[in-house]
Amino acid sequence: MGGVMGPVLLWLQDVVAVTVLRARRTLLQAAILLCVLVLLLWVAIFLYGSFYYSYMPTVSFTTPVHYYYRTDCDSSSSAVCSFPMANVSLLKNGRDQVMLYGQPYRISLELEMPESPANQQLGMFMVKMSCYSKSGQTIKSVARSAMLHYRSGLLQILSTLFFSPLLLSGVTEQKQFVEVELFSDHRENFYQPTTGAVIEIQSQLVQIYGAQLRIHAHFTGIRYFLYNFPLMSAVIGVASNFTFLSVMVLFSYLQFTWGGVWPPEQVRVRVMMGDATRLQQRKEEARKRIGSSSTQKKIMETGNDITTDPAEGARLESVKRKGELETLGTVSPVNKVPDFPQDSTTDLESLTERHPVLVQGLEGGGTGSEEECSLPCTALRQRQGPQMSS
């Protein structure tokens, strides 16, 4: 029983060892593959984020507008001494351009105005904006009209009564936001980029709480898709980068392990396959020709050994010579030596064993006599044999 259990235990030990090694190798390969996939995913996300940050311009830019005016005139007048005016910088952090070249922008001014009797009696007023470059040269200038929204006396009374709790608590105020569109399709000049703007309200009786300049980009094409569908564009961009990086890593792995998808050796074998086939066919044809001539010679020699009659022997000898001449004619015509492959050393050795006199005549220039050769040697001397190469 112990003699039977010993080999079984050894076999089980070998099986467990092989299984453990295979499982360890599989886990190692899976861990390496997981690390590579995570790395490729992070690189794909980083590439998409870099592209989005560099390709997408500032979507919206808002800056406060602080107006100033003169106060050195007659103080008895209720009007200000000059038009309210503000100088606004259009640079982010004092360095970067807010608006990119070729991108259309919508520029508007938002005024926070109280519903005071002065503003209600003001009516229409003009808002002028002049854009200037770094050198101080005016690039564009535009003027738009604006006014406070009309509300009847009854509507104002009802609104005051309805929102009186909020008005008394200070949560809301009796004011309106008037938005004035200055540029609907502003595009930056490549040679003279805009660095600032001067905004002027051409009225001395206007009353405002505050103002803000808003710049909003109008996107088209890829930028429109990236801005309006951010999640879908992120998925498509990351997936495209991940696929491209995976293909590059796969081809690099194949190049490192196999020497490429199509190794040079396989290509060389495919190219040389046709030449090798033709060479083999030539060798086979040469073997068949030599085999047929040697078979006929053996038949003739067998006839000489069996025949004992001198007359019959002489007749067979003439038949033998005639058959050899016919064989020579089938192998190669008169004044022509059989065409053997130049690189076939095996065929040359077999030819030497079977036809020593013929090979000697080819190598020595046909010096053998007619008595030593069973074939007419005069026919072989008329043409130089092919050059044999070792």
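His 186 sits in strand β8; helices (H or I, at least four residues) and strands (E, at least two) are DSSP runs, numbered from the N terminus. The model is predicted, so local features need pLDDT of at least 70 and side-chain atom pairs count only at pLDDT 80 or more, whereas totals for chains, interfaces and linings use all residues. Residues are numbered from 1 along each chain as its sequence is written, and side-chain values use heavy atoms, with hydrogens and water left out.

With a relative accessible area of 2%, His 186 is buried; the term means under 20% relative accessible area, with exposed over 50% and partly exposed in between, for a 1.4 Å probe and protein chains only. Leaving aside residues up to four places away in sequence, His 186 touches Met 99, Gln 103, Pro 104, Tyr 105, Ile 107, Lys 140 and Thr 194, where contact means heavy atoms within 4.5 Å. With Lys 140 there is also a polar contact, side chain to side chain, at 3.4 Å. A polar contact is a pair of N or O atoms within 3.5 Å; within protein, one must be able to donate a hydrogen and the other to accept it, and residues adjacent in sequence count only if both atoms are side-chain atoms.

Thr 194, one of the residues touched by His 186, lies in the loop between β8 and β9. Thr 194 is buried, with a relative accessible area of 2%. Besides His 186, the contacts of Thr 194 beyond four places in sequence are Leu 90, Gln 97, Met 99, Cys 131, Tyr 132, Ile 139 and Glu 188.

Strands of a sheet pair through backbone hydrogen bonds, either parallel or antiparallel.

Within this sheet, β5 (residues 105-114) and β10 (residues 210-217) are joined by eight bridges in the antiparallel sense. Leu 111 stands opposite Ala 211 in β10. Glu 110 is also found in β5. The C-alpha atoms of Glu 110 and Gln 212 are 5.2 Å apart, although 102 residues separate the two in sequence. Contacts of Glu 110, not counting residues up to four places away in sequence, are Phe 177, Val 178, Glu 179, Gly 210, Ala 211, Gln 212 and Arg 214. The side chains of Glu 110 and Arg 214 make a polar contact at 3.0 Å.

Another open sheet has four strands in the order β2-β9-β6-β7, again with antiparallel pairing. Because β2 (85-89) and β7 stand at the edges with a single partner strand each, one side of each is left without a neighbour in the sheet. The twist from one strand to the next averages 15°. Five bridges link β2 to β9 (residues 196-202), and Ala 86 stands opposite Ile 199 in β9. Strands β6 (residues 125-132) and β7 (residues 138-146) pair over eight bridges, with Lys 140 in β7 as the bridge partner of Cys 131. Five residues lie between β6 and β7 in a hairpin, and Gly 136 in the turn has a positive phi of about 95°.

Residues 27-48 are 100% helix and 0% strand, with end C-alpha atoms 32 Å apart. Residues 231-254 are likewise 100% helix and 0% strand, and their end C-alpha atoms lie 35 Å apart. Helix α6 (residues 230-257) has 28 residues, so at 1.5 Å a residue it should span 40 Å, which agrees with its end C-alpha atoms being 40 Å apart; the expected span is 1.5 Å times one less than the number of residues. Buried residues in α6 are Ser 233, Gly 237, Val 238, Leu 245 and Leu 254.

For the chain as a whole, there are 11 helices and 10 strands. Of its 390 residues, 27% are buried. Among contacts with a separation of 6 or more, 75% are between residues 24 or more positions apart.

Terms used
Two strands pair if DSSP finds at least two bridges between them. Axes are lines fitted to C-alpha atoms, for helices over the stretch in contact, and angles run from 0 to 180 degrees between N-to-C directions.
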